[in-house]
Amino acid sequence: MITREEISILLDHPVYDGDGNKVGDAKHVFLDDASGRPEWVTVKTGMFGSSESFIPIRDAALVKDHLEVPYRKDKIKGAPNVDIDAGGHLSVDEEHRLYDYYGIDWDSVLAEPGERDRSPGMGTAGTAGAAGTAGAAGAAGTAGMAGRRGDTSRPAPGTAGTAGTAGRRSEARTPGHDDDAMTRSEERMRVGVERHETGRARLRKYVVTEEVQQTVPVRHEEVRVEREPITDANRGEAMSGPAFKEDEHEVTLYEERPVVETEAVPVERVRMTTEEKTADETVHGRVRKERIEAETEMDEESGRRGRDVPKRGRE
């Protein structure tokens, strides 16, 4: 059984059915007005959690961070819709209807936790009164259970014996709900930045071959025949050799040719650096805000202001 101390743990936490399927999140817990024991938990079900279903919490178990109930998901989603009064209470008729839907015997509901395992023949006088019997036995049962279950001010129509026995179930209030005020919350968008890698840059050195052209002057020798007449100045030199003798004279010719050599010469240093640029970027998002509106009902006969319309989905 779930205790009152565990209520704050299970609220807004997942609820799983008997097959391990998630039903929804626990939103509200309803307590017995007299004993203070948790009796019901409501779970947000449907598309986007658009509706709440009531589940008996008597046989539920809190496992780590979720609640496990012994009912199938489709059974829970098909539970009757009930109305809750302005004080956050379940009426006797609504609670009867829910217990009947889940197949729970009303006599076992009225018994204390230690009495629930007893056979029907061992029931107390108070349990007999809860069955709605007339006469002295019914009156005794009503009196006995009234002291144990609390509220006697809400008898079910047409059931005299049940009036005293059925205590109302009130919604458990979490811290911050002890007064009549509602807390309105809203989401606020916080925008930050995170660093992501967008690419890589690298320096790569490779060798290419280019055709270059350069003009350089080169020299070469050519043969030129010079003739000079015999004069007194050169006569002796010219007459030194024999006449009519074959002879030859050889001259070596030279020329210059281009010679190409290469050498590695450093011409520049290259490096990479990064530079940060700042730009403005507009971010769009959606935030939720709660709105609180007051609604009233007017008495059609007297025109007097009636009670406030019950608000649904209170945290």
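## Salt bridges, ring pairs and a helix face

The side chains of arginine 200 and glutamate 197 form a salt bridge, with 3.4 Å from N to O. A salt bridge here is a side-chain nitrogen of Lys or Arg within 4 Å of a carboxyl oxygen of Asp or Glu. The model is predicted, and local features need pLDDT of at least 70, side-chain atom pairs count only at pLDDT 80 or more, while totals for chains, interfaces and linings use all residues. Residues are numbered from 1 along each chain as its sequence is written, and side-chain values use heavy atoms, with hydrogens and water left out.

By the salt-bridge rule, the count comes to 17. Three of these pairs are listed below.

| Pair | N to O distance |
|---|---|
| Arginine 200 and glutamate 197 | 3.4 Å |
| Lysine 22 and aspartate 25 | 3.6 Å |
| Glutamate 256 and arginine 219 | 2.7 Å |

The pair of glutamate 256 and arginine 219 links distant parts of the chain, 37 residues apart. Glutamate 256 lies in the loop between H7 and strand S9 (296–298), and arginine 219 in the loop between S8 and H7. Helices (H or I, at least four residues) and strands (E, at least two) are DSSP runs, numbered from the N terminus.

Arginine 200 is exposed at 68%, and glutamate 197 is exposed at 62%. Lysine 22 is partly exposed at 40%, as is aspartate 25 at 25%.

Rings of Phe, Tyr and Trp (its six-membered ring) pair if their centres lie within 6.5 Å; planes under 30 degrees apart count as stacked, over 60 as edge-to-face and the rest as tilted. Phenylalanine 30 and phenylalanine 54 form a tilted pair, 5.3 Å centre to centre and with 45 degrees between the planes. Phenylalanine 30 belongs to strand S2 (residues 22–32) and phenylalanine 54 to strand S4 (residues 51–56), 24 residues apart. Phenylalanine 30 is buried at 1% relative accessibility, and phenylalanine 54 is buried at 5%. Ring pairs join Phe30, Trp40, Phe54, Tyr71, Tyr99, Tyr101 and Tyr102 into a cluster.

Tyr99 is also one of the buried residues of helix H3 (residues 92–101), together with Val92, Glu94, Glu95 and Leu98. Seen down the axis of H3, these buried residues fall within an arc of 160 degrees (taken from the directions from the helix axis to the C-beta atoms), so they line one face of the helix.

Definitions and conventions: Buried means under 20% relative accessible area, exposed over 50%, partly exposed in between (1.4 Å probe, protein chains only).
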